Amino acid sequence: MANSDSMAELFLEECGSLLQEYAAVEETARQCGSYTVEALNELFRITHTIKGDATLMLYEGIAVPIRAFEQLLAHYRSRKAEVSYQGGFTARFRKLFNYVEAELRKLECGEVPDDDGKETEQEILCYLAKLNAGEAQDAGKHLFYVAPDAAGERVGKTEWKQEAVQPRTGVAVRRRSIAISEEELEWLQNIVRHGNEAEAKLMCGYRNSLELIPEEVTGLRKVLEELRTWLEVSSMEQLGYLTVKLRRIIEEMSDSLGKEIELTVVGGDVSVERNRLGKISSALLHLLRNCADHGIERPEERVAAGKSPTGHIMVQYRMTEDRSGVVIEVSDDGAGFQMEAISQRAAAMGIIGEGEKVSEQQLNEIIFTPRFSTGEPGGNYSGRGVGLDAARKCFEELGGSLIAESREGCGVRFIANYHYAVKNVTGEEFLRRENFDSRR
């Protein structure tokens, strides 16, 4: 049983990593406007790997639609041409991504997946049949295809054509990795700490004469530097990996709410500990839902207020000034907090007294009260307030904080921050922090 559990854990970790690669390929295609030949080959490799792993683990519910998607990719790859991002392929790709992600979440929670994947499989295969029959088209600007006529004979142009194009960069490249437990990572971090201390003590005698440092000490410093770099890279993940997930929730809400919303992400190369990415992702989704649902107005309301019909949400990541943590800002140019509505709701819930005057800062804090909402109950997305307490809890569990600022009619800005659990420092930094001197 233990062996089976270990295999399941490895499967979940491997598939989670592969889904990130899926997301990276889609984001690159979105920016380029099409899936290049190299991108399609990369998708095929990822798909083939997930299919093999799922089949080995007897997770047929995952393997079934993956096999269908592999057939769809084979159709495109055989023609060695680009595929438009705006075509039907992206919709099927996203449906598969969402399905596999949902099944993995069930497995992570110890649940038995109850979906056999047939619906997703059939949608992909039906689309493939339309492509083969010429009833659907995903041609990018560098290719064209003329479908066969009713008798099955090709008419007009009979071949796929591809113009010479400049190779594009940015196609996701798989980062080879191995699983490492939190206990093993902590053990390595302790080794680095001890190494920093040893380096600091050795450096004490050469504080004012660095040119006299023995070769052995120089060699030790180089080894420690490599170890510090490896540890940082192996335990960190770029926040840009969340971009596709965040963009997807905004697109879904835009369609559902009848709003025009544009998402901008800045600083995606900022890295955080990999084991904290889940909590940060959960918190960001809560904040984005609030911005899109209650913050951004409908197009006609924005135009009436003198704004562009398209609302804007920005997610910005940056390092703290001392590089010991991360600051995350989520802002929108929507209606802002409706202070009168918040005040009335707070009084109705007994948070403040009836008719009590409270400051704007206090009202900005009240919105983080659990179960507080000014929105209508029963909707698909909650009003401003619901979910904000959960977002704050996520950052507090990381040792950080979350606050809000608002200008009525102009928008809201959420500001979150947290410090890294472990800050890898050099021997010199360790020396300064621990106040070592030349007499020690």
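Q: How much space lies in the second largest pocket?
A: This is a predicted model. The second largest pocket has Gln20, Tyr241 and Val265 among its lining residues. Its space comes to about 230 Å³.

Q: Which helix supplies the largest share of the lining of the second largest pocket?
A: α1 (2-32) and α8 (243-257) each supply at least two residues of this lining. Among the lining residues are Ala23, Glu27, Thr243 and Val244. The largest share is five residues, and the helix that supplies them is α1.

Q: Are α4 and α8 roughly parallel or roughly perpendicular to each other?
A: The axes of α4 (residues 88-108) and α8 come within 13 Å. They cross at roughly 110°. Angles of 65 to 115 degrees count as roughly perpendicular. The two helices are therefore roughly perpendicular.

Q: Is the crossing of α4 and α8 left-handed or right-handed?
A: The axes of the two helices cross at roughly 110°. The crossing of α4 and α8 is left-handed.

Q: How many charged residues are in the contact of α4 with α8?
A: α4 brings Arg94, Phe97, Asn98 and Glu101. α8 brings Lys245, Arg248, Glu251 and Glu252. By class, one residue is nonpolar and one is polar. The number of charged residues is six.

Notes. Residues numbered from 1 in each chain as written. Predicted model: local features only at pLDDT ≥ 70, side-chain atom pairs only at ≥ 80, totals over all residues. Heavy atoms only, no water. 1 Å grid on protein atoms, 1.4 Å probe; cavity = no way out; pocket = protein on both sides within 12 Å on 5 of 7 lines; lining within 4 Å. Points joined across faces, edges and corners; volume = space filled by probe spheres on them. Helix = DSSP H or I, 4+ residues; strand = E, 2+ residues; numbered from the N terminus. Axes fitted to C-alpha atoms, helices over the stretch in contact; angles between N-to-C directions. Parallel < 35°, antiparallel > 145°, perpendicular 65-115°, else oblique. Left-handed = near helix turned anticlockwise from the far one by under 90°. Contact = heavy atoms within 4.5 Å. Nonpolar A, V, L, I, M, F, W, Y, C, P; charged D, E, K, R; others polar.
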